[in-house]
Amino acid sequence: MTSHVPNEARVIPLRPRAQRPEAAPAVPPAAAPERRRPAAREPLWRDLVGDVLRRERLAQERTLKEVAETARISMPYLSEVERGRKEASSEVLAAAAGALGLGLGDLLARAQGELVRLAARHAGPGRGPGSSGARYDGMCLAA
């Protein structure tokens, strides 16, 4: 008594399939419902830190190679950190900041200032630092 089970996966759709409006009348563009713009994406911490590192390096008119050698970080890795593609450890961030004459606290404070500025700019009506009781005046890092 063996039962044969077909070798097929059962697919359960997460959304119902859209009905094709074959007989639906065409809606003129003026009467079409207005589409909402997607919500502004909150900035990522790695993007903010990378922006601060790159701005400081360019302000000092230093090359990526010079800073990477001083910090003892590979040039490709430092480039990835500056572009926000890598989530650098606190050790790497401290080395990069030190190579630029900054302390780790200085680097993180500048990134936090950018976060506050961007959060205030992107906050919509009823949102923002004072609306829900939450404020962006602190900093928390998790690794």
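The largest cavity of this predicted model is lined by Trp45, Arg46, Val49, Gly50, Val81, Lys86, Glu87, Ala88 and Leu93. A cavity is a set of points, on a 1 Å grid over the protein atoms alone, where a 1.4 Å probe fits but cannot get out, and lining residues have an atom within 4 Å of a point. A search of the whole structure finds one cavity of 30 Å³ or more. The largest cavity holds about 50 Å³ of space, a volume being the space filled by probe spheres set on the points, which are joined across faces, edges and corners. Helix α1 (residues 45-59) gives the most to this lining, with four residues; helices are DSSP runs (H or I, at least four residues), numbered from the N terminus. The lining comprises five nonpolar, one polar and three charged residues. Here Ala, Val, Leu, Ile, Met, Phe, Trp, Tyr, Cys and Pro count as nonpolar, Asp, Glu, Lys and Arg as charged, and the others, Gly among them, as polar.

Helix packing was examined next. The axes of helix α2 (residues 64-71) and helix α4 (residues 90-99) come within 8 Å and cross at roughly 120 degrees. Axes are lines fitted to C-alpha atoms over the stretch in contact, and angles run from 0 to 180 degrees between N-to-C directions. The angle makes α2 oblique to α4 (under 35 degrees is roughly parallel, over 145 roughly antiparallel, 65 to 115 roughly perpendicular and the rest oblique). Val67, Thr70 and Ala71 of α2 make the contact with Ala95, Ala96 and Ala99 of α4, contact meaning heavy atoms within 4.5 Å.

The axes of α2 and helix α3 (residues 75-82) come within 9 Å and cross at roughly 110 degrees, which makes α2 roughly perpendicular to α3. On the α2 side the contact is made by Leu64, Lys65, Val67 and Ala68, and on the α3 side by Met75, Leu78, Ser79 and Glu82. These residues divide into five nonpolar, one polar and two charged.

Residues are numbered from 1 along each chain as its sequence is written, and side-chain values use heavy atoms, with hydrogens and water left out. Local features need pLDDT of at least 70, side-chain atom pairs count only at pLDDT 80 or more, and totals for chains, interfaces and linings use all residues.

Note on methods
1 Å grid on protein atoms, 1.4 Å probe; cavity = no way out; pocket = protein on both sides within 12 Å on 5 of 7 lines; lining within 4 Å. Helix = DSSP H or I, 4+ residues; strand = E, 2+ residues; numbered from the N terminus.
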